[in-house]
Amino acid sequence: MSKSYFGVIGLGVMGKSLSLNIADKGHTLSVYNRASKGEETVVSDFLKSNKGLDNIQGFTELSEFVNSLEQPRKILVMIKAGPVIDTVIETLIPLLSKYDTIIDGGNSHYLDTKKRSDLLNKHHINFVGAGISGGEEGARKGPSIMPGGNISCYNDIAVVLESIAAKDKDGRSCCAYIGPEGSGHFVKMVHNGIEYAEMQLLAEMYQMLSVFMSNEDIAEVFEFWNKGRSASYLLEITANILRKKEGDNYLVDLILDKAGNKGTGSWSSKAALNLGMPNNMMSAAVFARYISSFKAQRVLLSKQVKKQEDKHVEISLTVLERAYYFARLINHHQGFQLIKEASVNYNWGLNLSEIARIWTNGCIIKSELMETLVKAFNTTSLLLDNRTITNDLYANEAAVSETIQYTLANRMAAPSFSAAYNYWVGMTTEQSSANIIQAQRDYFGAHTYNRKDAPLDTFFHTNWM
Ligand code: 6PG
């Protein structure tokens, strides 16, 4: 058998779909999956169900898999993020040669990617941490790919990754080199942070509309919004979700209201905290999922809540759409600001417009707004420095305020909309209340403060007693 150009380790949902995508693009491919208990037939089943593709070879022996690859080898690892990646890397090291490349396509933490890259460097093996977004369908038909690492390592694998990625509206690949070290995985992590807040906004909007609308009607509203500036993949699938029936019931009404998570949203929020960035929308979304998981306690406590008389005040769909647009602008501003800060802090030199461009298709947060951001980031690195964006925010502020009042009147939690509003009001308030915080800090801890009537490099302490 002739040698394959590319290799994939791990035939889970994403690994299988990416493998078929790679083979479809005409690259010769070797795939490997361990044959441990329960996984004995994964490789043979995969080959059987894709008989038409004669450019794929399958292996359950890692050394045979490695030997089946052309040198320098290019191996995409598609297994669960975490310590098992380290195990696979350690097993691969003695089997590989200088200048071979390992690509980690999972949702690994960017600091782990840096550690793995440093380790492999010592063995002269290249390492690329590539964020891949788009779920199963994206992986099969064209995901958005965010590869980070040494640029020369990227050049070796670009032809494959760029051929399998989705295409933007100009036909360019939604895969582009992101930057050094773990920057590809950092950017994917923030993608997921933005994704969490986008999902939470839609969940809150669904709850607000549910007060006076059926699932079908809400789906119709979302479909209508999806024809305009609010269009997005997540809006589209939420409309589809609301229409899905199981017998006489809507499936969404049968799904338990406890949200799971695999950690990337909380990593994003932690990264923001570490970098001093006020990403309150993604954090609110993470906490909303955590609160939802306390189902038993929620049920118990809800029993003591006084039944409200029907408080439902009128709110128009136009107001809600404007609030939704406003909150999404803030969410995207916060996400990209976090990427910019990391770029400056770690000296990564990231290109925000290019990141927005590869997010215009293939990924979970692809949207009409993302197309706007590609252009916006050509002239500024902060959305709040862009006059068109801030004009939109000022113009829709009243709609968010009305939306939040509506949620209060209906005793409904709206953490993401509230976070967006509080962030914006905080950012547009000249005199905040932080003078009190500074005085308190100085009172009990002699932490000193600056004065309005003195230069900023002079610090004052008062004996408050
Ligand atoms: C994607 C998704 C994908 C997955 C995340 C989030 O971009 O394709 O973000 O990576 O959905 O793992 O999962 P959780 O919601 O379980 O954290």
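Reader: Where is Gln-337 found, and why is Gln-337 called buried?
Author: This is a predicted model. Gln-337 sits in helix H15, residues 317-346. Its relative accessibility is 14%. Buried means under 20%, so Gln-337 counts as buried.

Reader: What does Gln-337 touch, leaving out residues up to four places away in sequence?
Author: Met-277, Pro-278, Leu-382 and Tyr-423. Contact here means heavy atoms within 4.5 Å.

Reader: What makes the buried residues of H4 line one face of the helix?
Author: The buried residues in H4 (83-92) are Ile-85, Val-88, Ile-89 and Leu-92. Seen down the axis of H4, they fall within an arc of 100 degrees, so they line one face. The face turned away from that buried side carries the exposed residues Pro-83 and Glu-90.

Reader: Which elements do the buried residues of H4 pack against?
Author: Strands E1, E4, E5 and E6, together with helices H3 and H5.

Reader: How do you know that Arg-116 and Asp-86 form a salt bridge?
Author: Their side chains meet at 2.8 Å, N to O. The cut-off is 4 Å between a side-chain nitrogen of Lys or Arg and a carboxyl oxygen of Asp or Glu, so the pair qualifies as a salt bridge. Arg-116 lies in helix H5 and Asp-86 in helix H4, so the pair ties together parts that are 30 residues apart in sequence.

Reader: Are Arg-116 and Asp-86 buried or partly exposed?
Author: Arg-116 has a relative accessible area of 4% and is buried. Asp-86 has 29% and is partly exposed.

Reader: What makes Glu-137 and Lys-141 a salt bridge?
Author: Their closest N and O atoms are 3.0 Å apart. The limit is 4 Å, so the pair counts. Both lie in helix H6, four residues apart, about one turn of the helix.

Reader: Why is Lys-141 called exposed, and Glu-137 partly exposed?
Author: Lys-141 has a relative accessible area of 62%. Exposed means over 50%, so Lys-141 is exposed. Glu-137, at 48%, counts as partly exposed.

Reader: What makes E3 and E7 edge strands?
Author: The open sheet has seven strands in the order E3-E2-E1-E4-E5-E6-E7, with mixed pairing. E3 (56-59) and E7 (144-149) each pair on one side only.

Methods
Residues numbered from 1 in each chain as written. Predicted model: local features only at pLDDT ≥ 70, side-chain atom pairs only at ≥ 80, totals over all residues. Heavy atoms only, no water. Buried < 20%, exposed > 50% of the residue type's maximum accessible area, 1.4 Å probe, protein only. Helix = DSSP H or I, 4+ residues; strand = E, 2+ residues; numbered from the N terminus. Arc of directions from axis to C-beta. Pairing = 2+ DSSP bridges.
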